[in-house]
Every structure is written in structure tokens, then in C-alpha cells.
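Hello,

Here is the structure for your set-up work. My notes on it follow below.

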Amino acid sequence: MTGKTGGAEVTLKQVRFSYGEMRMNFDLTVPAAQIAAIIGPSGSGKSTLLNLIAGFEMPQSGTILIGGIDITRAAPAKRPVSMVFQENNLFAHLDVEANIGLGRSPKLKLTADDRAAVASAIARVGLAGKEKRKPQALSGGERQRVAIARALVRDRPVLLLDEAFASLGPALRIQMLDLVKALHAETAMTVLMVTHHPDDALHLDATLFFLENGMIAASGSAKDLLSDTGPEVLKRYMGTMA
Ligand SMILES: Nc1ncnc2c1ncn2[C@@H]1O[C@H](COP(=O)(O)OP(=O)(O)OP(=O)(O)O)[C@@H](O)[C@H]1O
């Protein structure tokens, strides 16, 4: 179906960016085929970090490498990444099939191979039988499945999830995390996921990056960082300080 080439390492070297007074400086490496969860207080720079990787924002200085290739100045469409947002991922006037097909061809000129990839992705995310539905006839979870299926047919080695499941209830969110986990096991894509739920990082057995004031204040395995012996910054954030 997709991603048979596996993931690619994502590296940010002294990447500086600011919105007015808010200065951010990111230094991180996510090895190929890992799942990284990015957590931190509101306004700490989580979305900006993903936007810099996706190319929606340009760093003032520093370098961004994907799979060892410098993509710092590359246009978003040229980057080997797919991104799923919290909402508004879909075009309201297009059905499920077409919304996913856009991942292959922006003008929906689909080859037989493209159509086969779309059908396979629809089945893989559990939307078989709903191909002709428009987004308004889908639940929130189903809409996010469509967005993930589109990412799958794009077949890029890096998947960026920006609070993609934040508007779903707890049970649905777990279902979607399980879907990401299963797809990750099949495709070995590198996943960077912004979430407000530290539990998501544990559920995915992810590497955790904790952001504070536009910088990475702690990183390591979610299990270690979120344990009783984890760093103080994490304890403060979790509200578990004695
Ligand atoms: N387009 C913008 N123009 C000016 N400032 C911005 C813009 N987008 C974000 N900011 C500011 O940059 C900082 C980082 O924002 P960002 O959205 O990356 O944080 P976040 O950690 O994702 O927050 P949240 O958890 O609330 O989504 C914040 O102080 C925010 O107010």
C-alpha cells in the first residue's frame, strides 16, 4: 500500500524562529522509523516546530535535514512529509475517495495504480463502503481516518500529526492511536505527533520531547520521563510536584 521504503531521520540543527518577542530555538533528532511525541504547555512552540519541518514557516537561521538531505529552504510540496491537523483536513465538496486521491494528484488525474492505492488505504483505515460520502456525512473520527488515508497514499517517509485526535473523545482517540501504531508497524514511517495528552506518548511507547518557551527542555523515552524519577520540568507540567 505505502511506505515500503520506511521512515527518514528528521534533524533540526540550531533552528531559530520568532514570532515577535516569542523566540524559539530547536535542536533535535528523531531517528528514522521512530515515533516522537511532542508535548508542552500551550504556546511553547509545538505547532511551530511541526510547521518548520513541513515548510509552512521558514527558519531565520539553522538547518533542517530529512533523511540527511537539507530541506531548510524547500517548498512544502517538495518535502518528504505529510501532515494531519486537528481539523479542516478535508474538502467539503469532495467525497472520501476524492479527498484521499488528492494525496496522489492535486488535480485528481488518477492512474489505475493511484486508484488501487486509494482503495487499499480506504480499506486499511476502516472506511470501506463509505467511499462516496462527503465529509459532512462522516463522524469526527472518520474524517481523521480520511486524512490519515490521504497521508498514506502520499507515501512520504515522515508523518506529522498536529493534535490530530484532540477533538475526539477518549475511546476514539485511543482507537486512532492504535491505528497510527499499526500503520507505523507496517510502514516504518517516522512519526512526530503533537499532543496535549502525555498518556498518548506512553500508549505509543514514543520518544518524548518536552517543549517549554520555544525550546526542548527534556527528551527521552516517555516511560522514563513520565515516571516518578523523571525530570522536574515534566513533574511541574504534570502537576505531580509534592
Ligand atoms: N501566526 C502567528 N503570529 C504571531 N504569533 C504566533 C503565530 N502563531 C503562533 N504564535 C505564537 O508563537 C508561540 C508558539 O505558538 P505555537 O502555536 O507553536 O504553540 P503550541 O505549543 O502549539 O500551542 P498550543 O498548545 O496552544 O497549540 C505562541 O506564543 C503563539 O502565540
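Where is the place of Asn213? Asn213 sits in the loop between β9 (207-212) and β10 (215-221). Helices (H or I, at least four residues) and strands (E, at least two) are DSSP runs, numbered from the N terminus.

Before the rest, the ground rules. This is a predicted model, so local features need pLDDT of at least 70, side-chain atom pairs count only at pLDDT 80 or more, and totals for chains, interfaces and linings use all residues. Residues are numbered from 1 along each chain as its sequence is written, and side-chain values use heavy atoms, with hydrogens and water left out.

**Loop residues**

Asn213 counts as exposed, at 60% relative accessibility. The cut-offs are these: buried is under 20% relative accessible area, exposed is over 50%, and partly exposed is in between (1.4 Å probe, protein chains only). Asn213 has a positive phi of about 50°, although it is not a glycine. Most residues other than glycine have a negative phi. Leaving aside neighbours within four places in sequence, Asn213 is in contact with Met22, Arg23 and Ser44. Contact means heavy atoms within 4.5 Å. Asn213 and Ser42 are 9.5 Å apart in space, C-alpha to C-alpha, and 171 residues apart in sequence.

Asp205 also has a positive phi of about 50° and is not a glycine. Asp205 lies in the loop between α6 (198-203) and β9. Asp205 is exposed, with a relative accessible area of 53%.

Lys130 is in the loop between α3 (112-124) and α4. Lys130 counts as partly exposed, at 22% relative accessibility. Lys130 is in contact with Val96 and Glu142, leaving aside neighbours within four places in sequence. Lys130 and Phe17 are 113 residues apart in sequence and 42 Å apart in space, C-alpha to C-alpha.

**Domains**

The chain is divided into domain 1 (1-80 + 158-241) and domain 2 (91-155). These bounds come from an automatic or database domain assignment. The domain centres, taken over C-alpha atoms, are separated by 25 Å. The contact takes 18 residues from domain 1 and 13 residues from domain 2.

**Cores**

A nonpolar core is a set of buried Ala, Val, Leu, Ile, Met, Phe, Trp, Tyr and Cys residues joined through side-chain atoms within 4.5 Å. The largest has 45 residues. Val84, Ile100, Ile148, Leu161, Phe165, Leu208 and Leu234 touch the most other members. Helix α4 (residues 140-154) gives the most to this core, with 7 residues. Domain 1 and domain 2 each supply at least three residues to this core.

What does Leu234 touch, not counting residues up to four places away in sequence? Its partners are Ile39, Leu208, Phe210, Ala218, Leu225 and Leu226. A second, separate core has 27 residues, including Met24, Leu52, Ile66 and Val194.

**The α4 and α5 pair**

The axes of α4 and helix α5 (residues 170-187) come within 11 Å and cross at roughly 15°. Axes are lines fitted to C-alpha atoms, for helices over the stretch in contact, and angles run from 0 to 180 degrees between N-to-C directions. The two helices are therefore roughly parallel to each other. Here, angles under 35 degrees count as roughly parallel, over 145 as roughly antiparallel, 65 to 115 as roughly perpendicular and the rest as oblique. From α4, Gly141, Gln144, Arg145, Ile148 and Leu152 meet α5. The α5 side brings Leu172, Gln175, Met176, Leu179, Val180, Leu183 and Thr187.

**Helix α1**

Leaving aside neighbours within four places in sequence, Thr48 is in contact with Phe17, Tyr19 and Met24. In α1, 8 of the 9 residues are buried, so this helix is largely enclosed by the rest of the structure. The buried ones are Lys46, Thr48, Leu49, Leu50, Asn51, Leu52, Ile53 and Ala54.

Best wishes
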